[in-house]
Amino acid sequence: MSSVQESTGFVRTLDATGKLMTGCSVVLMIVLALPIVYDALLRALGYPTIWVFETTLYAFIVIGFLGNALAVKRGAHFRVTILAQVFPRAKPALDLISNVSVLLFALLVISSGLYFAWYSWSNTIVSSTLLEVPLWIPNLAIPIGGLGLLLQTVVQMCCGMPDHGEAGD
Amino acid sequence: MMDFIYDYGGFIAIFLLFLFMLLSMPVFVAMGLSAFLASLLLEDPAHAFRSFIQISWQGASIFELVALPLFILTGTIMQRTDAGRDLFEVTKAWAGGIPNSLGVATILACGIFAAISGSSIATAATVGLVAIPLLLDEGYGQRRAGGFVAGGGTLGIIIPPSIPLILYGVITETSIGQLFIAGVLPGVLMMSLFLLYVALSRPTVRTCHEVPLSEKLRITRRSIGVILLPPIIIAAIYTGAFTPTEVGALAVVYVAILGFAQRRLDWPKLREAAVVATATTSMLFMLIVFGQFFAHFLTFEQVPQTIAQAIIDNADGIGAVTLMILAYVVMGMFLESAAMLLISIPIFYPVAMQLGMDPLVFGIFACIAMEIAQISPPIGVNLFTIHGISRIKLGRLALGAAPFLLIQIAMLYVVYFFPELVLWLPNSMK
């Protein structure tokens, strides 16, 4: 196993795509509280906004899906590792099963997410609020997040699995 | 064959879930794939494909979930501003000369930090980093030093704000504000029982930390910004002034401004806190989204109703509650708390309702059961967190945490037999 820096250009490109998704989700995480505080204060004064509720929900969904690349990289996704602990020699096989299952699942998420976004776009489905946001835009977070899951898992398969539990600190 | 599949489709999904988890698949993948594969056996593939994404999207677009990243970020910022050290200094000063005062101070610091961060792991890690070396120096021994922090850390789950209570509220469509307020009295009672055990635990350590009143006030004044946050959070929700999501956002802004004003927070630390919070949020988000899909499939296949009926037919109230407690203790041995919540609530919620439990009471009951999972060997995450920061052996930590585990099991029965303890405060909310 090698580090990302020592890997081929292909793996480095995949990793860079994951970093881009991570960057977007981290920025959203930092600013997420601000519009909610703004809305809470305006609501207390009797002037609630019409846009905060919906935009922060979509921001949260983007954080959740696009943050997958980071979660995979930091080993944050929880796995039961009892078999690997009891039978250490089976660990490489179990890791392979785990990674392949994630790849298959990511393909399912990407394909179903693309279908969902296409369905919203072709039927001009909008949110049932005053903003009337075309739903294909937030729907796109699903396939993009699935892509992050897929690419980062490929990187992990090429460069080694991370230590688990970093996200919980 | 097809009859068998139609009759037991839900149970096939449960079997696949446990098989996939045993094969080390990430839990959210195991949940999504097992329900999807089982639905392929029962439905037209195109319909199964559409249901998968539609129900998952519904699980993602719940506004109450926005509170999750906000409270997680509050906790990760607090970890990087030395708030744990300050809180511990305050509780140490006020615990003074009572027996096992440093242990008592540890539990108090855990309780206050839990009331800000809402996270059991963040509480154990932050307070443990400061408290364990001092506890070891004073002669509490590795078993008790680690056990106190592991046990105290679990208070993060029940004292509001609480991340598992947000998840429970979303899954069962129960008011998160009411759930937060419902957790206050059981949380205080549990902390009091923990304090009592720590003060009475043997051998007694009689090191005196008596400091003059003026010094106590000086230390407290230094941390007053952090200490005031829990009562403000509870009061804001109790009075209905702000929703839990708004309180979460205000808490993020408050701790960030406080950190910058005290020069304990800078942009690199804020970025680091946001990175950790993003990874944790994404992990929980995927569990929630595909956990909801799994739960929807089970409900559609009438599995929870069947299990509930089987339990009710074969056990009386106390027997059914004992069965649930046993199931939680066993699940806690190999499942992390959020995964345990998402798997167990769809199954046990109908049982609890049939037993006449209030949704708020069962919410607190389930979250105390989650606390048990945090300190149950072999995978109790609090044990691993403390092992990671102190290198105390897991076996010793598990022994040290065992008395807290017994107190939590007793609390489960207390909550079942005395629901007023949970319901009194939320019933008096505005």
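Q: In which loop of chain B is P161(B) found?
A: In this predicted model, P161(B) is found in the loop between α9 (155–158) and α10 (163–172) of chain B.

Q: What makes the peptide bond from P160(B) to P161(B) cis?
A: Its omega is near -5°, and the bond is accordingly cis. Most peptide bonds are trans.

Q: Where is P203(B), and what kind of peptide bond joins R202(B) to P203(B)?
A: P203(B) is placed in the loop between α12 (184–200) and α13 (213–222) of chain B. The bond from R202(B) is cis, with omega at about -5°.

Q: Why is D82(B) called partly exposed?
A: Partly exposed covers the range between the buried limit of 20% and the exposed limit of 50%. D82(B) has a relative accessible area of 41%, so D82(B) is partly exposed.

Q: Why does R263(B) count as exposed?
A: The exposed class requires a relative accessible area over 50%. R263(B) has 78% relative accessibility and therefore counts as exposed. R263(B) lies in the loop between α16 (244–261) and α17 of chain B, and phi of R263(B) is also near 60°, positive in a residue other than glycine.

Q: How do you know that L102(B) is buried?
A: Buried means under 20% relative accessible area. L102(B) has 1% relative accessibility, so L102(B) counts as buried. L102(B) sits in helix α6 (residues 101–117) of chain B.

Q: Which residues does L102(B) touch, not counting residues up to four places away in sequence?
A: L102(B) touches F88(B), K92(B), L134(B), L135(B), E138(B), Y140(B) and H209(B). The C-alpha atoms of L102(B) and C208(B) are 9.0 Å apart, although 106 residues separate the two along the chain.

Q: Why is Q292(B) called buried?
A: The limit for a buried residue is under 20%. Q292(B) has a relative accessible area of 15%, and Q292(B) is therefore buried. Q292(B) belongs to helix α17 of chain B. Beyond its neighbours within four places in sequence, Q292(B) contacts I55(B), G59(B), I62(B), V170(B), I171(B) and L287(B).

Q: Which residues touch the most other members of the largest nonpolar core?
A: They are I61(A), Y328(B), F362(B) and F365(B), in a core of 216 residues. Helix α17 (residues 267–300) of chain B gives the most to this core, with 18 residues. Leaving aside residues up to four places away in sequence, I61(A) touches A141(A) as well as W57(B), A60(B), S61(B) and F285(B).

Q: Why are Y115(A) and F49(B) called partly exposed?
A: A residue under 20% would be buried, and one over 50% exposed. Y115(A) has a relative accessible area of 23% and is therefore partly exposed. F49(B), at 21%, likewise counts as partly exposed.

Q: How many aromatic pairs are found over all chains, and which residues do ring pairs link into a cluster?
A: A search of the whole structure finds 29 aromatic pairs. Ring pairs link F105(A), F28(B), F36(B), F52(B), F290(B) and F293(B) into a cluster.

Q: What is the secondary structure of chain A?
A: Chain A has 8 helices and 0 strands. Of its 169 residues, 50% are buried. Among contacts in chain A with a separation of 6 or more, 72% come from residues 24 or more positions apart.

Conventions
Residues are numbered from 1 along each chain as its sequence is written. Chains are lettered from A and ligands numbered from 1 in the order in which they are written. This is a predicted model: local features need pLDDT of at least 70, side-chain atom pairs count only at pLDDT 80 or more; totals for chains, interfaces and linings use all residues. Side-chain values use heavy atoms; hydrogens and water are left out. Helices (H or I, at least four residues) and strands (E, at least two) are DSSP runs, numbered from the N terminus. Buried means under 20% relative accessible area, exposed over 50%, partly exposed in between (1.4 Å probe, protein chains only). Contact means heavy atoms within 4.5 Å. A nonpolar core is a set of buried Ala, Val, Leu, Ile, Met, Phe, Trp, Tyr and Cys residues joined through side-chain atoms within 4.5 Å. Rings of Phe, Tyr and Trp (its six-membered ring) pair if their centres lie within 6.5 Å; planes under 30 degrees apart count as stacked, over 60 as edge-to-face and the rest as tilted.
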